[in-house]
Every structure is written in structure tokens, then in C-alpha cells.
Amino acid sequence: MSDIETFRAETAAWLEANCPPEMREPVVDESDACWGGRNPTYKPGQKEWMDIMAEKGWTVPDWPKEYGGGGLSRAEAKVLGQEMGRLKCRSPLSSFGIWMLGPALLQFGTEEQKKHFLPQIARGEIRWCQGYSEPGSGSDLASLQTSAIDQGDHYVVNGQKIWTSYADKADWIFCLTRTDKNEKHKGITFLLFDMASEGVTTKPIKLISGASPFCETFFDDVKVPKSYGDGISSVVYEENKGWDVAKYLLGHERSMISGQGGSGGGSLGAKFADQIGRDEMGRLDDPMLRADLADIDIELLAFRAMAERFGDTFKAGLCHPAQPNMMKYVGTELNKSRYELIMTAGGSEVLEWESEATNGGLTARDWLRTKANSIEGGTSEVMLNVVSKQILQLPGA
Amino acid sequence: MPLFLNEDQQMLQDSAADFMKGEGDVAHFREFRDKNCKDGFSHDLWKKFAEMGFTGILISEDEGGLGLGHVEAGVVLEQIGRNLTPSPFLTTAVAGVEALNAGGQAMREKYFPGILSGDSVLAVAIDEGAKHRPDQISMAATREGNGFKLDGKKQFVVQGGSADTLIVAARTSGSAGDDKGLTLFAVDTSSDGLSRNSVRLVDSAVAAHVEFDGVIVDADAVIGEVDEGDAVLKRMLNAGRAGSAAETVGVGAGSMDITIDYVKGRKQFDKIIGTFQALQHRLSHLYSEMEVARATVLKAQQMLDEGSDKAELMISVAKAKAGKAAALSVKEGVQMHGGVGMTDEYDIGLYMKRDRALAEFMGDANYHTNLVAEMHGY
Ligand SMILES: Cc1cc2nc3c(=O)[nH]c(=O)nc-3n(C[C@H](O)[C@H](O)[C@H](O)COP(=O)(O)OP(=O)(O)OC[C@H]3O[C@@H](n4cnc5c(N)ncnc54)[C@H](O)[C@@H]3O)c2cc1C
Ligand SMILES: Cc1cc2nc3c(=O)[nH]c(=O)nc-3n(C[C@H](O)[C@H](O)[C@H](O)COP(=O)(O)OP(=O)(O)OC[C@H]3O[C@@H](n4cnc5c(N)ncnc54)[C@H](O)[C@@H]3O)c2cc1C
């Protein structure tokens, strides 16, 4: 057996032996995932699963071991993902720290910052939120106004963020602040601070899905130390160079969000044929819906191939740096189309918003949630602008 | 295996790109179209394909070929698509050879030397109606002495006019719609009772209507087993569909590139039209579709080379996805060229015509979408 196949066999055996049965049931929605943090709410099996995976470094399989990762190669990490998928093991930890801040620290952080912050993320001890958007600065993020004034050994932060996902539940924030009013992109600083600091308040915003996963976040004379001791700076990279970090992080965020395009398990058509009924030839008995479902099955399989190619070329350094924007565009638009069809196929049943039979309108709420996919982390239109400019090099884009 | 070309495949891509651009570019295509040549391609160029080794890409090294796989065949086909290179490569070196690879040694020894030298041209005779319906084949092959007698008609036999040998699917038992009862034959086009009517297609390629009127073939013309031709046919179709999907990606990518170039040069309203966001977003959407199509086709070819039992599903996904992406590319291409997109002088319309013909070859996007539903059991 080749090394990788030995690794596959051992991994599968370990997962079988260690994954709690509850963690092999599908995740119902975002709140059903394990987010860790200082004030966690665990469902049965979640903490055990997170801890035992963290011990192996497999909450972040491809991070270096010294920062709490698994130190796996691209091929091994791919195998781990495949085996977890095959055995229906849940992801042990959902985290903005893993998806966004971690990669940015690995790229731009000092050794002290990496040693301090990364293991906390890997073990699910600190839950992070992302303070980017402001009421006046969405797509044009670099116009942000939240200020951080240098006061010697600390900054004083004032301003307002919006759409801060899970700000009310997060422990720390990675926040874009303005440290130079005379510059746009070159006046932004990437700052890390505790959400328990005096002067930070959050106010949940109710969404069309009925949930309130994100907040308005207010900063009122918040004192942010320049150092957390032992050379651990609160600024990532350098003052006024936060835009470089922000952009790099957005690349990871976009790749991550695009992953939704490939989610959703097996064939949608096969699933709905069983529910809706079949004709005497065994075909789904609504021919127009059948055609739409087959189209989506094709798009899903095609997108999965694209995601695999994207991952492989990315790791090999062969991928255009703007390619995550393309992936985000395609993946999120596909996820929206998929949910449109799930609603169509579900008919009147999935319209029930509160009944027990629909688990409190879960499908309808998920359908509404997908509409944010092409807004959060940069809108589809902004993705197309970036592709036009950076990949196609169209003039004036 | 990572989902990108390895170093050897990259080198093959470079040499195929140089070759098609140097020897078989759009100017070459126009030359052969305009002189109204009867075969629609240059036999000299086909000889050069052989010198490059391309005609033996799917023939084993033991038998004198390159012994490569469907990924490599696709690499060559993408360049053919990009340059609109007229050649019988897809029907001969991909579909034809793959059918013969399912045949016995004697058969391979008979046909491979001519293919390797570039003297031989093969065509596949499957379709009997305007749409690709291989499960509905009704052409009859009845036992006669030591061999078979073929009676019936085939159409859309691409390169059928210039081919010396046809790979013919006919019924030796059962009736249209049955899985079993098909047999594949290698038939000499000079056989008595075989007549061909060549027709020029919208893309200037030449296809034939072929009539079989009591054509007698020996038992050794059978490829594989009698009545078990479905397996050989499947193998040939898999190769041909994956290959034509790769060529389709080439056509779509070529058309996209010339369109992007065009919008970077044309001025209206005192501005380069490529600065208008209405065009930028559509081009970026097109780019995304082409990228997804390319990944899908490569995945299907890798799976076919690995012998995966899901390869057939992925080939249908690839044929459908590549077909849609390339169709979008040529439509947007003509539109964004404005009035000149309608002229024969500009190349974009040639891509549109090539895409249309390629879409029909071995099943269009609708056909393969239906297959995907069937393979998923609905
Ligand atoms: C579910 C969800 C979670 C989020 N989580 C977070 C978070 O945790 N932290 C955070 O900081 N932010 C978060 N956001 C905010 C998100 O990043 C912004 O909503 C997004 O960047 C768009 O900004 P906006 O809402 O101000 O829209 P606008 O920028 O006002 O856009 C409105 C419309 O105009 C279009 N548009 C704008 N500019 C252009 C252009 N140049 N060309 C063409 N069209 C254009 C847009 O595409 C969009 O369709 C989240 C958003 C959602 C929906
Ligand atoms: C078959 C045919 C018959 C014709 N007959 C006549 C005739 O009898 N008399 C006559 O005078 N003309 C005639 N025309 C010309 C026709 O009116 C022009 O082709 C048409 O106005 C487009 O101009 P153009 O070809 O210069 O394209 P362009 O203006 O160069 O356009 C190229 C592309 O850029 C796009 N574009 C241009 N400006 C913008 C913008 N501001 N925003 C977004 N996109 C933009 C266009 O939509 C197009 O996709 C004919 C054309 C054809 C094809």
C-alpha cells in the first residue's frame, strides 16, 4: 500500500473509533454547528469531538504542528476531508479564526502572535468575529471610518461596524480601523482586541429568515493596548498596512464561502423523485422539474470538479491570485439556484414557517439565508469587477 | 492525482499549441473552405499529425503509438478547437482507435499502421436520425455465410466521405431500444453496396449520408463479440464524447479570447467598449463558465483514464457543461463584436458555426442532461 493509502486506512479507522455518533448526523443549520469560545453552548458530543480532533491538530489539519495544527500535506488533508465526508463526520469546529484570521496570521503575523493566537483558535478556546463593514462602507470597504487614535501605549477606537456576524457571541474581534485620515487604502490598520473591553456594545439585527446572527457593533472610546505582553502586538503586520492583510483574508473568506457551491451531498433529483413520485418508466413525473434538477445535478458535479482544481492549483501556486473571486461568484450563485429548486420541489409543504413538520420552516429559512451568500464577503457584482480587472484585464474595470 | 496538467502533459500542450497555430490555424481553415475541397481538410496536414505522433496517441507503445490516455487526447483536441484546425483527428485517432482497441489483435494489426502513418481516415457511423439516439439503432446486420450482410442508412457520419474505414453499429438481434443485440463492425468504404453522399455542414466540415445495400462483411470485421456491441459502443462513445467536450472547451476559449481582445480595441462613445460594465460582467461570467467547463472535462478524462465506474456520469456532465459554456461564448462573442460579428471577414462567426456542429456530435447538452438524470435513477 502506498503511504497515502496507509494514511487513508488509518484515518478511517481512527474516525470510526473516535467520532461520537451524534457528530455523524448532518448539521441542520449554522446554530447546530460547534463554534467553541469562552461562553460556549455545546450539544451532545460536540465538545468531545472538538477536543479529540484538536488534540490531533485536525481542527486545522494543514496548519503547522507548532501552532496547534496537524501538519498534514495537501494530499493528506484531502484524504482526511474525503474520509470525513464518506463517514459523515461533522466538522469539529466552525470558526472565523480558522477560516479567516488564522490564514492571515500565518501569512502576516509575528512569531509571537502566531504562538499566542493560533493554538487558541485551533482548540476552539477563543471565538472571533470580523469587524470590516460599516453603514457607509460595504462594497467600497476601504472608505471605512472607524478610527483608532494613537495614545502612546494604546489606541482609542471609536466608530460603528455593521453586519458583524455573531458579534454578540464572539470573544475577540479582528477589526479594520482608520489610523490615517489623509489616505484611503494606506490609512487602514488591522487591529485585534477583546469584545469584553469597556466601550464595546452590540445590537442584533433581525433578518428575513427570522434569525439574528449578526449585529451592529459600536465602539465608544475603546482602549486597545498596543501590546498584550511578551511582544504580542495588537496590530497585525504594520500600522497603515492593514489593507494588505484585509485583502489577503478576503481571499480566504471568498474561497471558504464558495465551498457552499459544492455542498449538499448527492443528487437532488434522486432525492425529490422519491418524494414527488415517478412515472411508469421510473422518471420523476414532473418533466420540467426533472430537467431543472438534472441541470443542477450537472452544475453541482461541475462545480465540485472546479473546487478540486482550484484547491490543487492554489496549493501548487499555479492559480491566478484573483481566482478566489471567481470561485466565490460561481459557488454562491449555484447555492442560491440550488435552494430555489429545493423550494420549488418542496411545494406548499416547505412554506410552513412554524410547524413541527417542517422543523420550524427550516428549509424556507435556509433558502432565505442563501440569498446572503452572494452579498457577504463581497457581492457577486464586486467579484465580477475584480475578475474583469485582474484576470481579464479589461480597461477601466 | 491533482486536477491540473502534469509536466509531460504541459509539454504536449505546448507542442500541440505550436503545431496547430503554425500548421492549422484559422487562415488554413479558410483556405480549405474556400477552395471547396471535397474532404474539408488537408491530407498533408493529417500526415504531419502522424509525424508528430498525434494519430497514435491512444495506440499502445507496443503497437507503435504513444500509449497515452484521454487527458492527452483532450490536450490535443483543445488546441484543435482553439484554432479551428480541420482534421479527422477526433473520429480517427480518438473514437475510431478506441473502438479498435476493443477489437482483437489481428484487427488492430490491420488498421493501426495506416492510422500511425497518417494514410488512413476513420469515421463512425452511429446516428440514423437528426438527433443522436444510439439506443435506437435499427440498422440490420444479418448472418450470411461466414459473415454478415448490412442493410440500412446512417447519417452525420463526420469525415465519412474521406474515410477508408467506417466503424458501424448495427443490430444482429433484438430491436431498437434493446440493450443487447448490437454489434460493431469495421467496414471498408470501398465495399460493394456501400454508397456515400457527402454533404458540407455549417462549419464547412464534410459529413456523409451512408447507405448500406446488402454490404457483405467477413466475420473478422466484427469488433469484440457479436450481440455484445453495447460495450464496444460505450467505450467508443465515452472516448468520443470526452474528446469532443475537450474540443468544445477549445472552441469556447478561443472565441472568448478573441472577443476580449476585440472589446479592448473598439471605441464607441469616445470610450473603449471594454470599459462598459455591462460587457465586463458578462465576460467575467463567461470566463467563470469556461473555467468550470475546463475543470469538468479534465476531471472526466482523468476518471476515464483511471477506469472509474463514475467516468460515464462525469463524461455526460462534461459534454453538457462544455456545450453550454461554449455556446454562451460564441453567442456573446458575436454580440459583442457588433455588426462586424456578422461578417465572414471576422473569425468569431466561424467559432459559432464550429460550436453548433460540435454540439450535435455524440449527443447535445439536452441529451446528456437526460442521461445524467437516468444515471442518477430518476
Ligand atoms: C449574512 C451576512 C454576513 C455578514 N457578515 C459580516 C461580518 O461578519 N463582518 C463584516 O464586516 N461584514 C459582514 N457582512 C457584510 C458584507 O460584507 C456586506 O454586506 C457586503 O460587503 C456588501 O456591502 P453593503 O451591504 O453595504 O452593500 P452595497 O455595497 O451598498 O451594495 C449594494 C448593491 O450594489 C452593488 N454594487 C456596489 N458597488 C458596485 C460596483 N462597483 N459595481 C457594481 N455593483 C456594485 C452590490 O453588488 C449590491 O448588489 C455580512 C453580510 C451578510 C449578508
Ligand atoms: C445585418 C445588419 C444590417 C444592418 N443594416 C444597416 C443599415 O441598413 N443601415 C445602417 O446604417 N446600419 C445598418 N447596420 C448597422 C447596425 O445598426 C450597427 O451594427 C449597430 O448599431 C451596432 O453598431 P456597431 O456594429 O458599430 O457595434 P458597436 O457599437 O461597436 O458595438 C459592439 C458591442 O459593444 C456594445 N456596446 C456599445 N456601446 C455600449 C455601451 N455604451 N454600453 C454597453 N455596451 C455597448 C454593443 O452592444 C455591442 O455588443 C446593420 C447591421 C447588421 C448586422
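I call a residue buried if 20 or more other C-beta atoms lie within 10 Å of its own, exposed if 12 or fewer, and partly exposed in between, with C-beta atoms placed from the backbone. By that count, 42% of the 397 residues of chain A are buried.

Ground rules first. This is a predicted model, where local features need pLDDT of at least 70, side-chain atom pairs count only at pLDDT 80 or more, and totals for chains, interfaces and linings use all residues. Residues are numbered from 1 along each chain as its sequence is written, while chains are lettered from A and ligands numbered from 1 in the order in which they are written.

**Chain A overall**

I looked up the secondary structure of chain A and found eleven helices and eight strands (DSSP runs numbered from the N terminus, H or I of at least four residues for helices, E of at least two for strands). The radius of gyration of chain A, taken over C-alpha atoms, is 22 Å, close to the 21 Å from the globule rule for 397 residues, so chain A is as compact as a globular protein of that length. That rule is 2.2 Å times the number of residues to the power 0.38. The C-alpha trace spans about 80 × 50 × 45 Å along its principal axes.

**Domains**

Chain A splits into domain 1 (3-122), domain 2 (128-240) and domain 3 (247-391); the bounds come from an automatic or database domain assignment. I noted 31 Å between the C-alpha centres of domains 2 and 3 of chain A. Their contact takes five residues from each of the two (C-beta atoms, placed from the backbone, within 7 Å). On the domain 2 side, two of these residues are nonpolar, three polar and none charged. My classes: Ala, Val, Leu, Ile, Met, Phe, Trp, Tyr, Cys and Pro are nonpolar, Asp, Glu, Lys and Arg charged, and the others, Gly among them, polar.

**Ligand 1**

How many residues surround ligand 1? I get 19, the closest being Tyr132(A), Gly138(A), Ser139(A), Thr379(A) and Glu381(A) (near means a C-beta atom, placed from the backbone, within 6 Å). In chain A, β1 (128-131), β3 (154-165) and α11 (380-391) each give two or more residues to this shell. Domain 2 and domain 3 of chain A each provide at least three. The shell holds six nonpolar, eleven polar and two charged residues.

**Ligand 2**

Over in chain B, the residues around ligand 2 include Arg266(B), Phe269(B), Leu279(B) and Met342(B). Helices α8 (277-306) and α9 (311-336) of chain B each supply at least two. I count seven nonpolar, four polar and one charged in this shell.
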